[in-house]
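Subject: Structure handover

Hello,

Here is the structure I promised to pass on. Please open it alongside this email; my notes follow below.

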Amino acid sequence: MTGAPAAATRLGICSVTFRHLDPDQVIAAVAGAGLECVEWGADRHVPAGDERAARRVREATEEAGLAVASYGSYYRAGVSEPEEFDAVLRSAVLLGAARIRIWAGTTGTRETPPERRRQIVEDTRRAAALAAGAGVALAYEFHRNTLTDGADHALGLLDEVGLDRVHSYWQPPVDLPDAEALSGLDTLIDRVAAVHAFSWWPGTTRLPLSAREGMWRAAFERLRAHRAARAGVPGPLDVLLEFVPGDDEGILPREAATLRALVGG
């Protein structure tokens, strides 16, 4: 890859892309498409607290020569019951995930009262301390109806939390034009731990990844240059396909090939 070693980026999928498949079928689809890793979701494939599922999925993933990119939890800081994070962390550790995805509340930045924001910040710090003790990092889902409903908002929240082991995902916000989406990436790029890759337009209409080729090429150019300039950045950047058209595993090889071409420049 131009400007950075190939190991700097790892390509995979979010297992929620294929909620209708069992873990073995997801693994077969990922391996068949030549991808490298999976973010396993807690809503279907590896429920939080189900230790047997976490062990089995980890073993099957590794036997297929794939890596566990992360654990896609639905823990909402400041809203979920605090003890729920214990089950999330336990599953992540058994799964072999080095990162847990969490959510910054349930309301957007402008709709969230100050007291709720304080609770989200404090709960994130609490969860991050527990995770750090197990060698696991946290990253916020970058999403509307949370405190990460824009790049400036996400950066402000991360600065308020003030912990090196808490980062953010990035994805193009719904209905945001290419130039504005890329501007947001520029704002947040120092704090991006992983990318959810999909092409929606308009709204949540699912298109092939190639439908927003220009935006994705520009995004990956920025990410490559950024990581090349910061030679000490630990670990790979995970780029994870999500929500392919029709939830059709049959098109995953095509989408994976597109992703490889875009990431490779």
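Predicted model: local features only at pLDDT ≥ 70, side-chain atom pairs only at ≥ 80, totals over all residues.

Strand S7 is mostly covered, with six of its six residues buried. S7 spans residues 192–197. Its parallel partner is strand S6 (residues 166–170), and three bridges join the two. Within that pairing, Trp170 stands opposite Val195 of S7.

Eight strands form a closed barrel in the order S1-S2-S3-S4-S5-S6-S7-S10, with parallel pairing. On average, neighbouring strands of this sheet are turned by 30° against each other, direction ignored.

S2 and S3 pair in the parallel sense over five bridges. There, Val38 stands opposite Val68 in S3. Strand S3 (residues 67–76) is mostly covered too: seven of its ten residues are buried. Further along, strand S4 (residues 99–103) pairs with strand S5 (residues 137–140), in the parallel sense and over four bridges. Arg99 has Ala137 of S5 as its bridge partner.

Helix H1 (residues 23–32) lies across strand S1 (9–14) and strand S2 (37–41). H1 runs at about 155° to S2. Helix H8 (residues 252–263) lies across S1, S7 and strand S10 (237–241). The angle between H8 and S10 is about 145°.

How do two helices pack against each other here? Two packed helices are described by the angle between their axes and the distance between the axes. For helix H3 (residues 84–95) and helix H4 (residues 114–133), the axes come within 11 Å and cross at roughly 35°. The crossing of H3 and H4 is right-handed. H3 contributes Phe85, Asp86 and Leu89 to the contact, while H4 contributes Arg126, Ala127, Leu130 and Ala131. By class, the residues of this contact are five nonpolar, no polar and two charged.

Now the cores. The largest nonpolar core has 74 residues. Which of its members touch the most other members? They are Phe85, Ile100, Trp170 and Trp216. Phe85 is also part of the H3 contact with H4, and Trp170 is the residue opposite Val195. A second, separate core has twelve residues, including Ala139, Ala193, Phe198 and Trp200.

Trp216 deserves a click of its own. Leaving aside residues up to four places away in sequence, Trp216 touches Trp170, Pro172, Val195, His196, Ala197, Phe198, Ser199, Leu209 and Leu262.

Last, some backbone details to check by eye. Most residues other than glycine have a negative phi, and most peptide bonds are trans.

- The peptide bond from Trp201 to Pro202 is cis, with omega near -15°. Pro202 sits in the loop between strand S8 (199–200) and strand S9 (206–207).
- Asp175 is not a glycine, yet has a positive phi of about 65°. Asp175 lies in the loop between S6 and helix H6 (178–188).
- Phe243 is not a glycine either, and has a positive phi of about 60°. Phe243 is found in the loop between S10 and H8.

Phe243 has a relative accessible area of 15%, under the 20% limit, so Phe243 is buried.

Best wishes

How values were computed: Residues numbered from 1 in each chain as written. Heavy atoms only, no water. Core = buried A, V, L, I, M, F, W, Y, C linked by side-chain atoms within 4.5 Å. Buried < 20%, exposed > 50% of the residue type's maximum accessible area, 1.4 Å probe, protein only. Contact = heavy atoms within 4.5 Å. Axes fitted to C-alpha atoms, helices over the stretch in contact; angles between N-to-C directions. Left-handed = near helix turned anticlockwise from the far one by under 90°. Nonpolar A, V, L, I, M, F, W, Y, C, P; charged D, E, K, R; others polar. Pairing = 2+ DSSP bridges.
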